[in-house]
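Dear colleague,

Please find below the structure that I am handing over to you.

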Amino acid sequence: MATEQPEYEVLKQQDDFELRRYAPMIVAEVTVSGSMEQASSRGFRVLADYIFGNNRVDGATNTEIAMTAPVTMAPRSETIDMTTATTMEADDGRWRVQFVMPSEYSMATLPKPNNPDIEILDYDERYYAVVRFSGLAGSKKVASKTAELRTWMEQQGLEPRGVPELSRYDPPWTLPFFRRNEVKLIYRAE
């Protein structure tokens with residue numbers, strides 16, 4: 001069975017770049033510290049614990065929630081200027097890691113995390129510029145792809161909003177050349 005992914009419409013595509021309109025979605029988010037690689041692993045473990053049953057709903061505990069893709073991460077810092085952040089570097093070492101929740105859930109029906117560090121967020125429709133790439137998503141490659149995306153957005157006359165987000169779609173045992181990764185930036189649709 002295929003892993004559920006967020007619903008989106010491609011508004012424009014050019015080579016590895018896309019403009020997308022994402023449908024509303026619910027995400028589970030945790031903030032963790034460390035390098036990009038350390039934070040990715042730490043955040044994944046905390047959120048996996050939640051979806052594998054460390055949660056409660058209607059008085060019951062241990063409800064499993066299906067895994068979705070991608071796992072997304074972005075710097076979390078109170079000092080980043082959201083309109084001019086240029087890289088995916090957390091200046092204070094804090095990162096937000098997110099799992100998109102399966103579309104069958106609403107905020108009322110989604111199991112509540114037992115871990116108080118996990119936040120459940122309800123996102124409205126969002127517009128993203130995206131660059132897709134394969135291989136390993138280390139910090140140098142992500143920085144390079146972020147710069148490419150910003151250049152492409154400038155050529156399209158789009159102003160980025162927020163910080164770059166890294167989305168990884170495949171498990172770590174996937175061969176690098178088969179991996180699907182993306183860097184995304186929110187933009188305001190006219």
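**An exposed phenylalanine and its surroundings**

F177 is exposed, because its relative accessible area is 57% (exposed means over 50%, buried under 20%, partly exposed in between, with a 1.4 Å probe and protein chains only). This is a predicted model, in which local features need pLDDT of at least 70, side-chain atom pairs count only at pLDDT 80 or more, and totals for chains, interfaces and linings use all residues. Residues are numbered from 1 along each chain as its sequence is written, and side-chain values use heavy atoms, with hydrogens and water left out.

F177 lies in the loop between β11 (160-168) and β12 (181-187); strands are DSSP runs of E with at least two residues, numbered from the N terminus.

Strand β3 (residues 25-33) is largely enclosed by the rest of the structure, because seven of its nine residues are buried. Strand β3 pairs (at least two DSSP bridges) with β9 (residues 118-123) in the antiparallel sense over six bridges, where E29 has E119 as its bridge partner. Seven bridges also join β3 to the antiparallel strand β7 (residues 94-100), with A28 partnered by F99.

Finally, β5, β4 and β8 form an open antiparallel sheet in the order β5-β4-β8.

Methods. Helix = DSSP H or I, 4+ residues; strand = E, 2+ residues; numbered from the N terminus.
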